[in-house]
Amino acid sequence: MTETFIIAEAGVNHNGRMDLAFKLCDAARAAGADAVKFQTWVTEKIVTSDTRMADYQQRNLGEAELSQYDMLKSLELSYSQFGEIKRYCDSIGMVFLSTGDNPEDLEFLLGLGMPMVKLGSGDLSNIPLLRYAGGCGRPVLLSTGMSSMQEVRMAYDELRRAGCKDITVLHCTTNYPCPPEEVNLRAMLSIREELGCPVGYSDHTLGMEIPVAAVAMGASVIEKHLTLDRTMEGPDHPASMEPGEFAMMVRGIRNIEKAMGDGVKRPNRSEEVISASVRKKIVAARPIPAGTVITESMLALKRSPQGMDAWQWDRVVGSAAARDYDTDEAISL
């Protein structure tokens, strides 16, 4: 099984502070993530001043009167700051990713050497962004929250028409935190069947069970929010994992990868050794004189270091004893 690519979604959990951004990079690396991902935008270019926050943002912030513009502006980092974060990731051996909200953002991020493009669920229908991403010559990860299969298909086809041949589609439910009953994890399999492409899962649930289950079901990419402290003020902290929890999830995913195997049903080396001690053998239930025609009542199946396997029962019954057998002695033909 190919190793799952695990993304620690730092997102906006830096709260607009560079020191927290660097600490999130360190935490992602220590937890065993393959990449740390942020979000890059210019507030004036992506939201109007009168747009209200989403319900989960109001709930998590406790600020019903704050506009989405004001919230995003307080969390925005500049291009130069993302350049610093990328250099820091390079210095600690961490893959840097960031979701761009328009072609200008992606152009900047790709100029930093970002190895792949991540498109957020909110831009699934963003035709100019899809076309730019599809034509940039990098693999694309496409999140699909808030969308129907038809919309996913349209976005996927747009990327393909623009020239992208390496697309991984991430099933996602846009709710923070997302209750398990809203996850619909089987939709990930439906996406794979419909599009014939690699699939993954971008998770907003609490805990690690569902991302681990997604890997067992075939997810090649897992994205999960990371925070330094779930009690910090900010829209995404309550639905994020703290570093120790994230590390446990990574270990769980890696163990699942080992456990999946190659799908061939056969005893492994450990079982071959153990089977000699626990599989039943055919032995004499009582003394059997040589030349006696063996009946079922003369036999027993017991754990024994020697003898014929139990599946050879029908070969033994009805045969003539080649020699004298004592009770519990292994039968042989």
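**Notes on the predicted chain**

1. Met-146 sits in the loop that runs between strand S5 (140-143) and H8. Strands here are DSSP runs of E with at least two residues and helices are runs of H or I with at least four, both numbered from the N terminus. Met-146 is not a glycine, yet its phi is positive, at about 65°. With a relative accessible area of 60%, Met-146 is exposed. For this note, exposed is over 50% relative accessible area, buried is under 20%, and partly exposed is in between (1.4 Å probe, protein chains only).

2. Some ground rules. This is a predicted model, where local features need pLDDT of at least 70 and side-chain atom pairs count only at pLDDT 80 or more, while totals for chains, interfaces and linings use all residues. Residues are numbered from 1 along each chain as its sequence is written, and side-chain values use heavy atoms, with hydrogens and water left out.

3. Now the overall picture. The chain has 13 helices and 11 strands. Its radius of gyration is 29 Å, well over the 20 Å that the globule rule gives for 333 residues, so the chain is more spread out than a compact globule. That radius is taken over C-alpha atoms, and the rule is 2.2 Å times the number of residues to the power 0.38. The C-alpha trace spans about 100 × 40 × 40 Å along its principal axes.

4. Of the 333 residues, 46% are buried. Take contacts (heavy atoms within 4.5 Å): of those between residues at least 6 apart in sequence, 65% join residues at least 24 apart. The accessible surface comes to about 16200 Å², and carbon and sulfur atoms account for 51% of that. Those areas are from the Shrake-Rupley method with a 1.4 Å probe; for residues, only the protein chains shown count as cover.

5. H4 is worth a look down its axis. This helix covers residues 68-75, and Gln-68, Met-71, Leu-72 and Leu-75 are buried in it. They are on the same side of H4 because they cover an arc of only 95° around the axis; the arc is that of the directions from the helix axis to the C-beta atoms. Their packing partners are helix H2 (43-46) and helix H3 (55-61).

6. After H9 comes Gly-196, with a positive phi near 65°.

7. Do check the backbone at Tyr-176 to Pro-177: that peptide bond is cis, with omega near -5°. Pro-177 is in the loop between S6 and H9. As background, most peptide bonds are trans, and most residues other than glycine have a negative phi.

8. His-225 belongs to strand S8 (residues 221-225) and counts as buried, at 5% relative accessibility. Leaving out residues up to four places away in sequence, its contacts include Glu-9, Asn-13, Tyr-176, Asp-203, His-204 and Asp-236. Tyr-176 brings us back to the cis bond of the previous point. Gly-11 is 214 residues from His-225 in sequence, but their C-alpha atoms are 7.2 Å apart.

9. Val-283 and Asp-328 make sense together. Val-283 is in strand S9 (residues 280-284) and is buried, at 1% relative accessibility. Among the residues it touches are Met-298, Leu-299, Asp-328 and Ile-331. Thr-327 lies 44 residues along the chain from Val-283, with 7.5 Å between the C-alpha atoms. Asp-328 itself is in the segment after helix H13 (313-316) and is partly exposed, at 40% relative accessibility. Asp-328 also has a positive phi, about 70°, although it is not a glycine.

10. Last, Gly-113, in the loop between helix H6 (103-111) and strand S4 (117-119). Its relative accessible area is 41%, so Gly-113 is partly exposed. Not counting residues up to four places away in sequence, Gly-113 touches Lys-86 and Arg-138. Lys-86 is 27 residues away along the chain, at a C-alpha separation of 8.8 Å.
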